[in-house]
Amino acid sequence: MNKLQTIFALTAIFLLSGMFSAQAQENSKSDYQKYYIRLGGGWSFGAGRTSVGTNYIETSYMEYYGHDDPRETVNRHSIEESPAKLSFGKGADVMLGFGYMFNKYIGIEVSLAGVFAGKTSVVNEVSRTNVRDVSSSYLQEHTTSSSTTSQVEDFGYTGLYLIPALRVAMPIGRKFSAYSRIGIAMPLMSTGYRSVTSTESSSETGWRETSYGGRESVNNSSADTDFIKSRIKSYFTVGMNAALGASFSLTKNLSLYAEVESMILSFTMKEETIVTATSNGENVLDSIPVEDRTVQYAKKLSYDTEYPTKELAETFSASSVGINVGLIISF
């Protein structure tokens, strides 16, 4: 990150020197608008992901026919594992910017950017199916039973950033203009969430012969679901923002723009608080003691009595590369 900050500082110095040079050469201000408002939005793709666990799917299947049945028992078992990687940078974003142009080429902009990261899930599931098709002199049974135990852990993120930036424009003819923008991203709000859904379900259908020689139908099922959602606050972390784009003038005061934007950010956990807890749809949050609902995270732990309720913080990537489109209103 120190190298990136050095590059940013050198670039800013170079661009600022160019700003004053270009401003000195500008003789007329009648052919450009000093102020502008930028409205837009787009979609960002996560750049740099953090491993948050393993997706684990285990499946078992068995068919049993009895000792005196010529058919062989079927027994299949499979396990699938894949890494689960998280980026808080992927998802939709919206922005509102206000800018001032010193001349046709150099300006400054202050914008607000809202980021709404798409959900990332970590799945752990074990399912078993047992088919019994037994016909013998002492037992008659045709049943299918299944059971599933699963846990789905979801992560999401919402952020609001204040971005002061330097804007460099290059007019191309009367309608087009290319531009670049470089600045810093300061979080005004940086909130993530973690939700865990745990489900245990089982079922059995079919029929079997009773001890009295009769036949009974089997149709049993049960399911239990627990759900916990936590809000995660982040430490204050400054990032970098840069964009490269082009604008097309519709009128003297209105232009369309499209750009490729990059954000270099991280999200370091500071506090996690349970905000929702249910069991089979019923609220059980009140059954959790207030002091147990919040976990504090520290960037460094000494493992003594100074941090009795803290855990070591995790850092997730919130960097992205995205495409934005919108309008520029000049005046």
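Predicted model: local features only at pLDDT ≥ 70, side-chain atom pairs only at ≥ 80, totals over all residues.

Trainee: Great. How many bridges join β5 to β6, and do they run parallel or antiparallel?

Mentor: There are 28 bridges between β5 and β6, and the two run antiparallel. Glu125, for instance, has Ser150 in β6 as its bridge partner.

Trainee: And how many residues sit between those two strands?

Mentor: Four, and β5 and β6 form a hairpin. A hairpin also joins β4 to β5, again through four residues.

Trainee: How does β4 pair with β5, then?

Mentor: Strand β4, residues 91-101, pairs with β5 in the antiparallel sense over eleven bridges. Asp93 has Val115 in β5 as its bridge partner.

Trainee: What about β2 and β5, parallel or antiparallel?

Mentor: Parallel: nine bridges join β2, residues 50-64, to β5. Tyr56 stands opposite Asn124 in β5.

Trainee: Switching topic: which residues touch the most other members of the largest nonpolar core?

Mentor: Val52, Phe88, Tyr157, Tyr161, Phe267 and Phe316 do, out of 21 residues in that core. The elements giving two or more residues to this core are β3, β5, β6 and β11.

Trainee: What is Val52 in contact with, leaving aside neighbours within four places in sequence?

Mentor: Val52 is in contact with Ala84, Leu86, Val122, Phe155 and Phe316.

Notes. Residues numbered from 1 in each chain as written. Heavy atoms only, no water. Core = buried A, V, L, I, M, F, W, Y, C linked by side-chain atoms within 4.5 Å. Buried < 20%, exposed > 50% of the residue type's maximum accessible area, 1.4 Å probe, protein only. Contact = heavy atoms within 4.5 Å. Pairing = 2+ DSSP bridges.
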